[in-house]
Amino acid sequence: MDIELLPPTGFTGMVLGRSEEETVRAAERFGPVSVARGAQIQIAGEPFVIPTKMVAGGPEFNFALTLDEGGNADTVEVWRPPDPGYDATVTFEGIDVFRTPWSKLLTELESRGHRTVRQAGDRFAYAPDLALGFSRDAAHEVPDDTDGLPLYFESVLVAAAGYYDGVFEP
């Protein structure tokens, strides 16, 4: 499975800004969908309550969407498959997001003219002009970098344009 991140609109097969019903239909192509209302999520280590959260996919490839107060999808977060041998590739502009070491990925984004911001001792990063956010938090055993955190980003968030405007400035 090949997934291309398409910020700020979503990723291959998933488009932000759609209604809950349209989003559920699109997400079901990837596996079962569960919906939670009034969910609390973590963004760059900070808790936020959102009206609706949707989790979709299967045991190998899954993602979560949040819906705004109007019921439209406004973010989608994709997680790195726990099995490194699983045949799924998530890319942005040809960069393999989950198989490129986190520091090289950020360096590559910067070399292409995208500003990146690192937070919490490099546990989180985001590219505000792209509306992409990255996390090194892992829920399973993964290879570590020399700083003791995961070597690769474990999830990537695609959001609507302007999502990071002024919110998480260091």
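The exercises below concern the fold, salt bridges and backbone details of one predicted protein model.

Residue numbers start at 1 along each chain as its sequence is written, and side-chain values use heavy atoms, with hydrogens and water left out. Because the model is predicted, local features need pLDDT of at least 70 and side-chain atom pairs count only at pLDDT 80 or more, while totals for chains, interfaces and linings use all residues.

**Exercise 1. Overall fold**

Task: State how many helices and strands the protein chain has, and compare its radius of gyration with the globule rule.

Solution:
1. Secondary structure is read from DSSP runs, numbered from the N terminus: helices are H or I of at least four residues, strands are E of at least two. The protein chain has 2 helices and 13 strands.
2. The radius of gyration, taken over C-alpha atoms, is set against a rule of 2.2 Å times the number of residues to the power 0.38. For 170 residues the rule gives 15 Å and the chain has 15 Å, so the chain is as compact as a globular protein of that length.
3. Along the principal axes, the C-alpha atoms fill a box of roughly 45 × 40 × 25 Å.
4. A residue is buried under 20% relative accessible area, exposed over 50% and partly exposed in between (1.4 Å probe, protein chains only). By this criterion, 45% of the 170 residues are buried.
5. A contact means heavy atoms within 4.5 Å. Among contacts with a separation of 6 or more, 45% are between residues 24 or more positions apart.

**Exercise 2. Salt bridges**

Task: Find how many salt bridges the structure holds, and describe the pairs formed by R123, R136 and R99.

Solution:
1. Side chains of opposite charge can pair when their charged atoms come close. A salt bridge here is a side-chain nitrogen of Lys or Arg within 4 Å of a carboxyl oxygen of Asp or Glu.
2. The structure holds 8 such bridges.
3. R123 pairs with D137, with 2.6 Å between the closest N and O atoms. R123 sits in the loop between β10 (117-119) and β11 (124-127) and D137 in the loop between β12 (132-135) and β13 (155-159), so the bridge ties together parts 14 residues apart in sequence. R123 is partly exposed at 30% relative accessibility, as is D137 at 37%.
4. R136 pairs with D147 at 2.9 Å, N to O. Both R136 and D147 are in the loop between β12 and β13, 11 residues apart. R136 is buried at 0% relative accessibility, whereas D147 is partly exposed at 38%.
5. R99 meets D96 at 3.4 Å, N to O. D96 is buried, with a relative accessible area of 17%, and R99 is partly exposed, with 38%.
6. A network of salt bridges links E93, E108 and R112.

**Exercise 3. Backbone details**

Task: Locate the cis peptide bond at P8, then describe the phi values of E93 and A131.

Solution:
1. The cis bond joins P7 and P8, with omega about 5 degrees. P8 lies in the loop between β1 (2-6) and β2 (10-11).
2. E93 is not a glycine, yet its phi is positive, near 50 degrees. E93 belongs to the loop between β8 (89-92) and β9 (95-96) and is partly exposed, with a relative accessible area of 38%. E93 is also part of the salt-bridge network with E108 and R112.
3. A131, also not a glycine, has a positive phi of about 60 degrees. A131 is in the loop between β11 and β12 and is buried, with a relative accessible area of 1%.
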